[in-house]
Amino acid sequence: MKKKIILILLGILLCGPGFVAVSGDIAFNKNWRTASRQSTGIAPDPATTPEAVVQVYSARAFNWRGIFGVHTWIATKQPGAKQYEVHQVIGWRLYQGVPVVVSEPDDPDRSWYGQVPEVIADLRGEQAAKLIPAIKAAVQSYPYADTYHVWPGPNSNTFTAWVARKIPELKIQLPATAIGKDFLPVTQAIESAPSGTGYQVSLFGLVGILLAKKEGFEINVLGLNFGIDFDQKAIIFPGLDRVTL
């Protein structure tokens, strides 16, 4: 009976990633040096957008990692600024002996090594302007600037979730495929959900539960999430995020 339960659980956890693997959405033979990092034109043009802008992006991770999860990042533009500032964690910087956190002027809507991003949060005007200083402060206070683990974290999604928890006004609903968003140290195993609309219990992002108005009900097993999004009337599957009923 126990073996049967384990096999059923493994089937639930891996059916989504398996579907993504055969869908053709992930290119396994790409070279990261030649994969596209071009702007996709999603972000408002700063030349014609004088108001402040805060956006959060998500794109499938590079190569096989994209079967399971996404990479997320944050972009900010001050009122009147002619360029965005992009805030994210890039793991390979650790091998160069520098902090993994990057905050620098850049195009916010670049393809993530061939994967087209999507906007998962978008704030404009006065609301965005008020939050930008708090976002920068949260970025600077990220506690894992010298640590990076693809699984279960801390990683790029741990970073975005950290900023989101520090600034609940953002109300960011990170995809369930943002592996690492649930990473919490054992001394802080109970925390607010990244959206700020509920709470979660998590042990190093390996096992836990989350209940929040925006995210819904998520169960985390080995960093893979499944559950129900009551708001969107959707089932949450590992690898697929939300599937509308």
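Modeller: The account below starts with one lysine and then turns to the chain.

This is a predicted model, in which local features need pLDDT of at least 70 and side-chain atom pairs count only at pLDDT 80 or more, while totals for chains, interfaces and linings use all residues. Residues are numbered from 1 along each chain as its sequence is written, and side-chain values use heavy atoms, with hydrogens and water left out.

Lys181 sits in the loop between helix H4 (156-166) and strand S6 (190-192); helices (H or I, at least four residues) and strands (E, at least two) are DSSP runs, numbered from the N terminus. With a relative accessible area of 2%, Lys181 is buried (under 20% relative accessible area, 1.4 Å probe, protein chains only). The side chain of Lys181 makes a polar contact of 2.9 Å with that of Glu218; such a contact is a pair of N or O atoms within 3.5 Å, where, within protein, one must be able to donate a hydrogen and the other to accept it, and residues adjacent in sequence count only if both atoms are side-chain atoms. Leaving aside residues up to four places away in sequence, Lys181 touches (heavy atoms within 4.5 Å) residues including Asn157, Thr158, Ala161 and Arg165. Leu174, Pro175, Pro194, Leu210 and Asn225 are also among the residues it touches.

As for the whole, the chain has 4 helices and 12 strands. Buried residues make up 49% of its 245 residues. Of the contacts with a separation of 6 or more, 54% join residues 24 or more positions apart. The C-alpha trace spans about 65 × 40 × 40 Å along its principal axes.

Note on methods: Buried < 20%, exposed > 50% of the residue type's maximum accessible area, 1.4 Å probe, protein only.
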